[in-house]
Amino acid sequence: MEVSEDGVPRGTVTKEALALESDRIYGGIKNHKSLPAEEKSSGSFAIEGTRKMMDVLGIPGLKAPSQDKTDLCVTIHDPFTTLEPELRFSVKSYIGGNPTLLNSGDTTNFEYRLTGDAEGALSRIFGAAFVPGDGFTEIKASMEDYEKLEPNGSGLEFVGMNPTFRKNLMMVDSMLPEIVAELMRIRYCSHRMSRLPKLTRELANRGVEGIDPDIGYTFYEYKMKKLLTAIALGMVPGTPWNGTEDANGGSIIIDKFGMPFLYLVYHRGDYEDFLFNHTALDSPSRGKHGYGMIYRVDGEYRVKLNLQIRYTAIR
């Protein structure tokens, strides 16, 4: 295989060399995953010798910037139509663990106020650790603590989120911020279910304020599929989004054995079904991005819940 950049030759690579390099990268990832926790580096890590092949191929890095949905570009040379479309794909790998579809961050926080007898509920849940009134600063809450709110006379009411992310969600549907906020409230306060199909079923049973209560499951399933597809192909929470799908080809999913699976946008129904049936809501560490910290502002108690979406096992 001849490698060139902007028409300038960079070198030649054999198929055998690429196969050996891919095996080495796969082995490096698996070996790092098997290390004891105290020996693992946080985040990214280097695999010895890989830089040489990347230089030959003209690849500056193995991962696209977080704001870019495109990891791989392929130009199709069609001899019959003479067209040369460029298809862009996002790449997700299970080799190191289940990948995320939507990473957590400050922009993916949803803010809620504690309703009802908030102070009484917090006193019963946290005991002496909770100091009511103006002397209260903040307290770290767990999933179990959220589940105790309603039985103790309180609850959560959605009050706000990052304005850019709100507008991006509204590009898909004007009520999507409220739909996602209620989905997260159910996830944290009422049930420990996390997979999107089950959560969506429960959401349809409960309904969302401002939406016809008789609208049914199909409506919410459709909205969730459109949201997941938008996130997979183009939407980034903190960047204004105009509806463009950057990864216009679809997704390449690498399973834990290193086997690639291609999900094409061309088969949009199958692609949306895959995303919906293989994703779940996840949570970052408590305190990260302010998530899970109950605090007091303007005389009321509030909490930020963080939206993070992770792929579930594919086989």
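How many aromatic pairs does the structure hold? It holds 12 aromatic pairs, where rings of Phe, Tyr and Trp (its six-membered ring) pair if their centres lie within 6.5 Å, and planes under 30 degrees apart count as stacked, over 60 as edge-to-face and the rest as tilted.

Before I go on, this is a predicted model, in which local features need pLDDT of at least 70 and side-chain atom pairs count only at pLDDT 80 or more, while totals for chains, interfaces and linings use all residues. Residues are numbered from 1 along each chain as its sequence is written, and side-chain values use heavy atoms, with hydrogens and water left out.

One of the aromatic pairs is formed by Tyr 263 and Phe 274, which are stacked at 3.9 Å centre to centre with 15° between the planes. Tyr 263 lies in strand 10 (residues 260-264) and Phe 274 in helix 9, so the pair ties together parts that are 11 residues apart in sequence; helices (H or I, at least four residues) and strands (E, at least two) are DSSP runs, numbered from the N terminus. Tyr 263 is partly exposed, with a relative accessible area of 22%, whereas Phe 274 is buried, at 6%; buried means under 20% relative accessible area, exposed over 50%, and partly exposed in between, with a 1.4 Å probe and protein chains only. Together with Tyr 94 and Tyr 311, these two residues form one aromatic cluster.

Turning to charges and rings, the charged end of Arg 201 sits over the ring of Tyr 217, 3.7 Å from its centre, which requires NZ of Lys or CZ of Arg within 6 Å of the ring centre and within 35 degrees of the ring normal.
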